[in-house]
Amino acid sequence: MKPNIPPNAATLLDGLRQDLQGLPMYQDSRWSLGVENHKHLELDAIGELHLKGSKAPVRWGVEIKARSLEPREAELLGARLAEMKIEQQLDGMLVLAPYVSEAAAESLERRGIGYWDASGNCRIWSTALYIERKGFPNR
């Protein structure tokens, strides 16, 4: 990804996919991108991650932000996504953004919402998976 050029939704999703493919337990993933496919869920994408040795996929709802995520927005978004996770019986929720500030990440974490940013910071978890990387500066 080129610095200072805002990534689009497909670019952010592809970056997440590449990071997940580097995991030793990764087997396969499928991502459905497009609001028209998930309008009833009010999400930008639905993802299924298949892990080696696991029979059932990990299902995530994904919210994709075109700009960096700030704390105030993260607080409001986290509350909405936490409700949707329960209503839709998803294993997890992820917010993808060009950059997630440390304060925004803490807001999402308090609500049980994962995140991934294009700078390399993430906290992604479910019953079968936990990934955390912090401290990468905004690029």
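Student: In which strand is M93 placed?
Tutor: This is a predicted model, where local features need pLDDT of at least 70, side-chain atom pairs count only at pLDDT 80 or more, and totals for chains, interfaces and linings use all residues. Residues are numbered from 1 along each chain as its sequence is written, and side-chain values use heavy atoms, without hydrogens and water. Strands are DSSP runs of E with at least two residues, numbered from the N terminus. M93 lies in strand β4.

Student: Does M93 count as buried or exposed?
Tutor: Buried means under 20% relative accessible area and exposed over 50%, with partly exposed in between (1.4 Å probe, protein chains only). M93 has 2% relative accessibility, so the residue counts as buried.

Student: What separates the C-alpha atoms of M93 and G112?
Tutor: Along the chain, M93 and G112 are 19 residues apart. The separation of their C-alpha atoms is 8.0 Å.

Student: Which residues is S126 in contact with, leaving aside neighbours within four places in sequence?
Tutor: S126 sits in strand β6, residues 122-126. At 14% relative accessibility, S126 is counted as buried. Contact means heavy atoms within 4.5 Å. With those neighbours left aside, the contacts of S126 are V58, W60 and D91.

Student: Which residues touch the most other members of the largest nonpolar core?
Tutor: A nonpolar core is a set of buried Ala, Val, Leu, Ile, Met, Phe, Trp, Tyr and Cys residues joined through side-chain atoms within 4.5 Å. The largest one has 22 residues. Those touching the most other members are L16, L20, L49, W60, L96, W116 and I124.

Note on methods:
Helix = DSSP H or I, 4+ residues; strand = E, 2+ residues; numbered from the N terminus.
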